[in-house]
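Work through the exercises below with the sequence and the model open. Each task is followed by a solution in steps.

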Amino acid sequence: MKQTTTENAETTFLDYGIGYQQHKKGGVATFMIEGMEDSDSLRQNSFRKTYERLIQEKGTMQLQGYTVPLWGDGHNLYPQEVEMLIRENKLLPSILRKQEDFLFGKGPMLYREEVQEGKTVRVPVQDKEIEAWLNSWEQRGYPDYRDYLRSLIGDYYRVHTCCSKYHFSRARRIPGQQTGSILALSYIGADTARLATDKPAADIVRKLSNRECRFVAVGDWLTPTEQTIDIYHRFRPENPYMFSTAVSYNAEKTFTHDIYAYNQWFEGLREWIKASNLTPRYLNSYLKNALNAHVHVRIPLAWVNQQQQNLQELCRQNLNCEAADRVQEYRGVKLIDPKTKKPYRYSLTMMEDLIANELEKITKLLAGEGKNQGKLYATTKMGQEGWEFQDFPGKFKEYFDSVISYDKRADQVTLAGLGINSSITNVENDGVISKSGSDVYYNYMVYLSTLSWPEEFVCRDLNRAIRLNFPHAEAEGIRIGFRNEVPMRQQEIAPKDRL
């Protein structure tokens, strides 16, 4: 209850939007703000949904004595959910592949940064020790380091998470001989990795933090059991040689989410992507099930009455004559029971069967590829003998135009949400590639300027391994990154050297 006092009256709010006011001279008036209760209900419902969603993020599961925070809306299958929606879309797989190609560029390279003419530039470096170590991965039975990096790029653009397994030699245990003890790194799919803690669930009184999760559980989360999930120590940068095998779990920080990363464009584009995925189904379903014949048959009532009299007369004759003289059927309508050989008495279903038989003869001429091609809509008509055939009004063009228009809008929203211009993805209005070379060049340059963070994130573990294995790399500022050369514009190339 809240009270507000003015010079002549005191207003008391009993609840949200209702109350009463008492005047100092004795007058009392009750009031209610119309619509306020509806607004309050909507507000409470919205808050409840937000609260339920946030509370689900505190969900955990118990596995092999470890507590595993759930990644996703209560189902722990967020990466799989993202991939399923992407896979069904006509644009996203190719766009994400282009983003991966743009970041990977011409492949990984060793470099150092130098300041030249007031600008920081990358200078390629040749280091035989580091290059020999990178090229030795396959000889030791691990995947090539280029494949390792390429796989991490795919995970980054889908769920902003990169996981790597550190493989150490036995020398890591010997103090002073730990340099060079990292044999290789191998890729761990973000869809298979979840963070975990050995803290019992009963001791967890608040939402877990990323730093508290000292273990990484890797395996099949569709059927999580002791046989399908392996538990690894999480790599600790402060003590890198602590475990014989360790898995790093790098998740890009998402606002209000501390443990796992969430794709920033996924939620906002989810419904647009779903609608775009449904577009071909709508069109194919319409083609398959619509009234493609577009024929309306008008059946004269006089014809119906005449046929009805004929059927009634034949049925009476069959009942009054010998079996040998009975009429078996009339225009496809059976007048004799095929089993007992007894004549039927007239019923309205006979007339319905007769009309159906006549329509069937017509639809045979209209049958086509579609499921419902050849279907008709029939009505009776007073006062005329002959049947009439008219075009059935349809909205083919309007329906197709509206669906295709929405699909184009969904494509535009998807590209905008991904932050990549259509001119460099070969997706333009009505499928036309942008013809402006300057437009493509400018947008490509802008996009390249946004790749610094993705590159740093994807190469984080490999650069850390290089620093640990080769102390001189840190002293000399040697890092690994991707070679993304800026293409020259046509006016900067001699005519004889142009493509």
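Contact here means heavy atoms within 4.5 Å. The model is a predicted one.

**Exercise 1. Surroundings of a glycine**

Locate Gly 219, classify its burial and list its contacts beyond four places in sequence.

Solution. 
- Step 1. Gly 219 belongs to strand E12, residues 215–219.
- Step 2. Its relative accessibility is 18%; buried means under 20%, so Gly 219 counts as buried.
- Step 3. With residues up to four places away in sequence left out, Gly 219 touches Thr 192, Thr 228 and Ile 229.
- Step 4. Gly 219 and Ile 231 are separated by 12 residues in sequence, and their C-alpha atoms are 8.9 Å apart.

**Exercise 2. Overall composition**

State how many helices and strands the protein chain has, and what share of its residues is buried.

Solution. 
- Step 1. The protein chain has 13 helices and 20 strands.
- Step 2. Of its 499 residues, 38% are buried.
- Step 3. Taking contacts between residues at least 6 apart in sequence, 63% join residues at least 24 apart.

**Exercise 3. Two aromatic pairs**

Classify the ring pair of Tyr 166 and Phe 235, then the pair of Trp 453 and Phe 457.

Solution. 
- Step 1. The search of the whole structure gives 21 aromatic pairs.
- Step 2. For Tyr 166 and Phe 235 the ring centres are 4.0 Å apart and the planes meet at 5 degrees; planes under 30 degrees apart count as stacked, so this pair is stacked.
- Step 3. Tyr 166 is in strand E9 (residues 161–168), whereas Phe 235 is in the loop between strand E13 (229–234) and strand E14 (245–251); at 69 residues apart, the two link distant parts of the chain.
- Step 4. Tyr 166 and Phe 235 are both buried.
- Step 5. The pair of Trp 453 and Phe 457 is tilted, with 5.6 Å from centre to centre and 50 degrees between the planes.
- Step 6. Both Trp 453 and Phe 457 are in helix H11 (residues 452–458), where 4 residues, about one turn of the helix, separate them.
- Step 7. Trp 453 is partly exposed at 41% relative accessible area, while Phe 457 is buried at 2%.

**Exercise 4. Arginines over rings, and a buried glutamate**

Which rings lie under Arg 122 and Arg 150, and which residues does Glu 100 touch?

Solution. 
- Step 1. Arg 122 lies over the face of Tyr 111, 4.1 Å from the ring centre.
- Step 2. Arg 150 lies over the face of Phe 104, 5.3 Å from the ring centre.
- Step 3. Glu 100 is part of helix H3, residues 92–104, and is buried at 8% relative accessible area.
- Step 4. Leaving out residues up to four places away in sequence, Glu 100 touches Arg 150, Ile 153, Gly 154, Tyr 157 and Arg 158.

**Exercise 5. Buried sides of helices**

Solution. 
- Step 1. Buried in H7 are Trp 303, Val 304, Gln 307, Leu 311, Leu 314, Cys 315 and Asn 318.
- Step 2. In H2 (residues 78–87), Tyr 78, Pro 79, Val 82, Leu 85 and Ile 86 are buried.

**Exercise 6. Disulfides**

Solution. 
- Step 1. A disulfide needs cysteine sulfur atoms within 2.5 Å.
- Step 2. The closest cysteine sulfur to that of Cys 162 is in Cys 163, 7.4 Å away, so the two are too far apart for a bond.
- Step 3. The count of disulfides comes to 0.
- Step 4. Cys 162 is buried, at 1% relative accessible area.

**Exercise 7. Positive phi**

Give the phi and the place of Gln 64 and Thr 256.

Solution. 
- Step 1. Most residues other than glycine have a negative phi.
- Step 2. Gln 64 has a positive phi of about 55 degrees and is in the loop between strand E5 (60–63) and strand E6 (66–69).
- Step 3. Thr 256 has a positive phi near 75 degrees and is in the loop between E14 and helix H6 (266–289).
- Step 4. Gln 64 is partly exposed at 32% relative accessibility, and Thr 256 is partly exposed at 48%.

How values were computed
Residues numbered from 1 in each chain as written. Predicted model: local features only at pLDDT ≥ 70, side-chain atom pairs only at ≥ 80, totals over all residues. Heavy atoms only, no water. Phe/Tyr/Trp six-rings, centres within 6.5 Å; stacked < 30°, edge-to-face > 60°. Buried < 20%, exposed > 50% of the residue type's maximum accessible area, 1.4 Å probe, protein only. Lys NZ or Arg CZ within 6 Å of the ring centre and 35° of its normal.
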